[in-house]
Amino acid sequence: MISEEIRQLKSIKGSIANYSNSLSGTKDQIRNIINHYDISANNHARAHQYLNSAELKLSSKMDSLEMINRTIDELILKNQRHLNRLDLITETKTAAKKSTTAPGKSSIWKANTTSISKDVILNNIRSNYSNNTSIDKYVNRTDWASRILLIVLGLAYSYWIARVAYVLKQNDPSNKIAIDAIVGKTIIFLLTLLPFVNFFTPTFILQASQLVIMLIFMYLLRHKMTGQQRKIALILIIFYLLDVFVNMIVSDDLFLRIVCIGFNLIALGLVSYTKRRIKNPESPGYISNFIYVVFAILNITAITLNVIGHVEHSRSFSIACAVGLVQSFTLQYFADMIKLDVRNQFKKTVW
C-alpha cells in the first residue's frame, strides 16, 4: 500500500510539473507580447493592466504549485522512510527466524554446551511456543457448533448412565448410585471425544486432557487395581509429566538433548516392563503388540531425529509417544467403560 501511494504521488508530481511548465510558457508569452508591442501604463493602459494582472495570477498559481510540489516531496520521503523501516523489520524477522531454526539442525556432536540456568529454561519455553498460534486458533476460531454438540453428547451420556443406575438400584438395593463415578465417567467421555468433534485440536489440549483422564481413571479403579497396577500407573503419570516438561524446554543444548534421549529410552523400558508384567488383555494397563511396535518405532525415530539435528521434529515425536502411551491405557478403559454401561442397559431392560 505504501509503495502504491508513492507511485501515485510521483504521478501527481509529474502532472503538476507539466501544468507548471504550461503556466511558465504562458507567462513567457505574455512577457513577449508586452516587450514586442512596448505595452506600458502610459501608451496602452488597459492592455497593460490586463496583461499585468494575468501575469500576477500566473505567478501566484506557479507559487501554489511549488508549495504543493514541496508537500508531495515530503510525503514521498516520509512514505519511503516507512517502507525502508518495514523492509528492515522483515529482514530482522527473517534473520531471527533463521537464527532460531538453524541451531536446531545441528547434529548432537555439534550441539551447544552452554550451562543450564533458569533464564535458559524460560527462554527455551518461550522459543518453543512463541510461534505456536494453535491455542488462539482453537479458542477463538473454532466453530461453536462442535462444542455445543460435545456438551449435548456429554449431558445425554450423563443422563443415560444416571438413569440406568437409578433403575438398577430400584430393582436391586445392593446397587449404589455413585455420583463421583457418574461425574468422572462423564468427564472421561467428554475429554476422549474432544479430538473427534474438531478437525484441529492443539497438542497442549491433548496433553492436558490425557493427564486428567489418567487421574480420573486411577480414582475410579482405585479398588479394582492391584498394587502392581497402581504402581505402574503412578510411575506412568510421573514419567508423562516429566517427559512433557523436558520436551517443553528442549533446545539445541547438548545436555537437554541427551536428557530427551534418556527419556525416550526410559519410555521404551517402561513399556517393555509393563508388557511383560501385564499379560491379561482385559487387565488395566495391558499393551497390545501393535501398540508396542508403533510406540517403539516412534521413540527410535525421535532419538534418530535428535541425533542428526532435527530437534523440533524429535520433540514432536517424543510428545506423541508420551500421549500415545497414556492413551493406550485410557482408551482401553474408555472402551471397557462403554461396554459396562451397555451391559447395565441390558440389565435394566430385562428388569
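Modeller: Here is a walk around helix α6, with the rest of the chain brought in for context.

Keep in mind that this is a predicted model. The protein chain has eleven helices and zero strands, so reading along the sequence gives one α after another, in the pattern α-α-α-α-α-α-α-α-α-α-α. Of its 351 residues, 35% count as buried. Among contacts with a separation of 6 or more, 77% are between residues 24 or more positions apart. The accessible surface comes to about 21,900 Å², and 63% of that belongs to carbon and sulfur atoms.

Now to α6 itself. This helix has 15 residues and reaches 21 Å from its first C-alpha to its last, close to the 21 Å expected at 1.5 Å a residue.

What does the side chain of Lys-185 meet? The partner is Asp-341, in a salt bridge with 2.6 Å from N to O. Asp-341 lies in helix α11 (residues 311-350) and Lys-185 in α6 (residues 179-193), so the pair ties together parts that are 156 residues apart in sequence. Both ends are out of the way: Asp-341 counts as buried because its relative accessibility is 4%, and Lys-185 counts as buried at 13%. As a general point, side chains of opposite charge can pair when their charged atoms come close.

Staying with α11 for a moment, Asn-344 is found in that helix too. At 16% relative accessibility, Asn-344 counts as buried. Leaving aside residues up to four places away in sequence, Asn-344 touches Val-164 and Leu-168. Asn-344 and Ile-161 are 183 residues apart in sequence, yet their C-alpha atoms are 8.6 Å apart in space.

A nonpolar surface patch of about 480 Å² is made by Tyr-166, Ile-177, Ile-179, Val-183, Ile-187 and Val-212. The helix that gives the most to this patch is α6, with three residues. One of the patch residues, Ile-187, lies in α6 and is partly exposed, with a relative accessible area of 32%.

The buried residues of α7 are Gln-207, Ser-209, Gln-210, Leu-211, Ile-213, Met-214, Ile-216, Phe-217, Met-218 and Leu-220.

For comparison, here are other salt bridges in the chain, where the count comes to five. Glu-4 and Arg-7 meet through their side chains at 2.6 Å, N to O. These two both lie in helix α1 (residues 2-36), three residues apart, about one turn of the helix. In an α-helix there are 3.6 residues a turn, so residues three or four places apart point the same way. Glu-4 is partly exposed, with a relative accessible area of 35%. Glu-55 and Arg-31 also form a salt bridge, again with 2.6 Å from N to O. That pair links distant parts of the chain, with Glu-55 in helix α2 (residues 45-101) and Arg-31 in helix α1, 24 residues apart. Glu-55 counts as buried at 10% relative accessibility, whereas Arg-31 counts as partly exposed at 35%.

Between those two helices, Asp-38 lies in the loop that runs from α1 to α2. Asp-38 has a positive phi of about 55° although it is not a glycine, and at 52% relative accessibility it counts as exposed.

Lastly, a word on cysteines: the count comes to zero disulfides. Cys-260 is buried, with a relative accessible area of 5%, and Cys-321 counts as buried at 2%.

Note on methods:
Residues are numbered from 1 along each chain as its sequence is written. This is a predicted model: local features need pLDDT of at least 70, side-chain atom pairs count only at pLDDT 80 or more; totals for chains, interfaces and linings use all residues. Side-chain values use heavy atoms; hydrogens and water are left out. A salt bridge is a side-chain nitrogen of Lys or Arg within 4 Å of a carboxyl oxygen of Asp or Glu. Helices (H or I, at least four residues) and strands (E, at least two) are DSSP runs, numbered from the N terminus. Buried means under 20% relative accessible area, exposed over 50%, partly exposed in between (1.4 Å probe, protein chains only). A disulfide is a pair of cysteine sulfur atoms within 2.5 Å. Contact means heavy atoms within 4.5 Å. Patches are made of residues with over 30% relative accessible area and no salt bridge: like charges are joined within 9 Å, nonpolar side chains (Val, Leu, Ile, Met, Phe, Trp, Tyr) within 5 Å. Accessible areas come from the Shrake-Rupley method with a 1.4 Å probe; for residues, only the protein chains shown count as cover. The expected span of a helix is 1.5 Å times one less than its number of residues.
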